Amino acid sequence: ELRYSYQPIPIAGKSVYFILVDRFARDNGNDTACGFTDGFQDNNWCNGTINGIIQQLDYIQGMGFDGIWITPIVEQRPGKDGQSGYASHGYWAWNLYEVDPHFGTKEDVQQLADKLHDRGMFFILDIVANHMGPIHSAAEVATIFPFNETKYYHQLGIGDMTFDQYTEKVSGWPPPTQCQGPGALCAKDSRADCGCYSPACGGAFQPPCTPGTLVFNTSSGCPTDFIDSMCRPGAFTCPGYNETVIHKGWFFDLGDLNQSDPFVFDEQMKWVKWLKNTFKLDGIRLDTAPYTALDFLSALQASAKVPILGETTATNMSFHASFQANPPPSGKPVLQGVLNFPLTYVADAAFCGTWFPYSTLNLTTLAQRTNEQMNGGFYKDLDLLGNFMDNHDMDRLAKMCSGDEGPAMSRLFNSLAWSFFAKGMPMMYYGTEVFMTEQRGSIWQYGFKTDTPGYKFVRLLNMVRKQQELALMDMEVVTSANALDGQLVLRRGGPQGSYAFLNNLGPEGSSNEVDYCMWSLPAANVGQVWVDALSGRPA
């Protein structure tokens, strides 16, 4: 009961270090890079632990982060699923009320929360409410807790199949009915994806999209001015878009929970309260938010009593904003925050030169989309937008911002500066500070050094945010009639506030200095001078 009396730390507008628990820190002194011996190269167990994170809190706080977000820690599907691999990432829950022994114990997680709070840092825990782990039979369901009966799972389109036939997977799909591809986000036809461009790329099990090689797919049904590479949640103009299938279909073989069942609904409300109180959570990150109904999410947020940040992988801003309030911006409260995918997709292409419609090396598109978000009247709370450049489901920033000779450091640093300066919560994926290129690689072999260029740059960004009290300040794009596509200027706190001068100039022919002659700083107030916040020199 004493744990229930804590006061959660506010998280709005604050910086977050995102940790994949299994890959961040071991607690046994073994710093050998995690290696893989079979085909499941991104989800084998590497044995990072909660205690390992505790041992590296000085390292994280030394970069200036206000708190951490860690991947789910509940007990996972045991052993190796022969069709999907291992559950080391934490998103295949099997017992919601136990901590997976690979990660540690309940007491370890409680100690992590206490150690963070002793430092004035907050604790965000990742959870999954949409689904459990991979399921292939009713016998497997019986071993899951608490959802151990097949009636607790959606079975859309099961017809006269048995549950085992519906879920066995080895004969291929459509069963279980899928929530992501044709039949859900776009019409069923001969295409294998919902892509708006050809050749198919960027989706599950598809190659990355390469600039200069794509042409608009006129048979896709996508609008010709669609600012997306494919039909995603909220793409209502895509022919065949079906919200029923999105909500009741499965992610591959992950058992999709039926929140319309009273037991499932009540248990999930009880569970989120238990998590919040047991582990003194200050916030929650919710996986796969658009694949559950808004009314359920609204109830989940009310039960949690700390901000929930939804993973809402959409580019439609009014749809994206509806996960804060439905209808936006002042309708029924849903989740308090959302991860800022509409800007991330554009920012990756704008800074790094990867492909996204109208965005490749084009900061003007990012400025336009930012203005739409800031001034469109969609969002209930802009300070609870999570700004990020990459995560555990995307290519690493150092890989996206790279050329023949490795990472293009100017682009990489400019993109990080954008994520830290933009309105909302900067979220940085572990290993970005050492320019990791492996999507889910281990970091311990890098030695947790605090004198590397990336570490020192992130520390400077966090220092500026704190010194200038940027967390909740207003933000605007500073426009110019002659602005270049390779430049962007943001302002926080009005004309006498703070400015970020950003560019995407790569190593090809660029110099150490960039001329922003289209912009000029206003005259400083009496007794003040403009200063370069990173160097301390007069501007």
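**Close-up 1. Pairing of β20 and β21 in a predicted model.** Strand β20 (residues 487-492) is paired with β21 in the antiparallel sense, over six bridges. Here two strands count as paired if DSSP finds at least two bridges between them, and strands (E, at least two residues) and helices (H or I, at least four residues) are DSSP runs numbered from the N terminus. Across this pairing, L488 has L502 of β21 opposite. The model is predicted, so that local features require pLDDT of at least 70 and side-chain atom pairs count only at pLDDT 80 or more, whereas totals for chains, interfaces and linings use all residues. Residues are numbered from 1 along each chain as its sequence is written, and side-chain values use heavy atoms, with hydrogens and water left out.

Close-up 2. Axes are lines fitted to C-alpha atoms, for helices over the stretch in contact, and angles between N-to-C directions run from 0 to 180 degrees.

**Close-up 3. The eight-stranded barrel.** In the order β1-β2-β5-β10-β11-β14-β15-β18, eight strands close into a barrel with parallel pairing. Neighbouring strands of this sheet are turned by 30° against each other on average, direction ignored. Strands β15 (residues 385-387) and β18 (residues 425-429) pair in the parallel sense over two bridges. In β18, M425 stands opposite G386.

Close-up 4. Helix α4 (residues 106-118) has 13 residues and, at 1.5 Å a residue, should span 18 Å; its end C-alpha atoms are 18 Å apart, which agrees. The expected span is 1.5 Å times one less than the number of residues. Which residues of α4 are buried? They are D108, V109, Q110, L112, A113 and L116, where buried means under 20% relative accessible area, exposed over 50% and partly exposed in between (1.4 Å probe, protein chains only). An α-helix has 3.6 residues a turn, so residues three or four places apart point the same way. Just after α4, G120 adopts a positive phi of about 80°.

**Close-up 5. A293 in its loop.** A293 belongs to the loop between β10 (283-286) and α9 (294-304). Its relative accessibility is 33%, so A293 counts as partly exposed. Between A293 and H247 there are 46 residues of sequence separation, with a C-alpha to C-alpha distance of 6.6 Å.

Close-up 6. The structure contains five disulfides, a disulfide being a pair of cysteine sulfur atoms within 2.5 Å. C186 is joined to C194 by one of them, with an S to S distance of 2.1 Å. The torsion about this S-S bond is about -75°, so the disulfide of C186 and C194 is left-handed. C186 is buried at 1% relative accessibility, and C194 is buried at 6%. In a further disulfide, the sulfur atoms of C231 and C238 are 2.1 Å apart. The link of C231 and C238 is left-handed, with -90° about the S-S bond. C231 is buried, with a relative accessible area of 2%, as is C238 at 3% relative accessibility.

Close-up 7. The sulfur atoms of C352 and C401 are 1.8 Å apart and form a disulfide. This link is left-handed, with -75° about the S-S bond. C352 lies in helix α11 (residues 341-352) and C401 in the loop between α13 (397-400) and β16 (402-403), so the pair ties together parts 49 residues apart in sequence. Relative accessibility is 5% for C352, which counts as buried, and 1% for C401, which is also buried. C179 is in no disulfide, and the nearest cysteine sulfur, that of C194, is 11 Å away. C179 is buried, with a relative accessible area of 0%.
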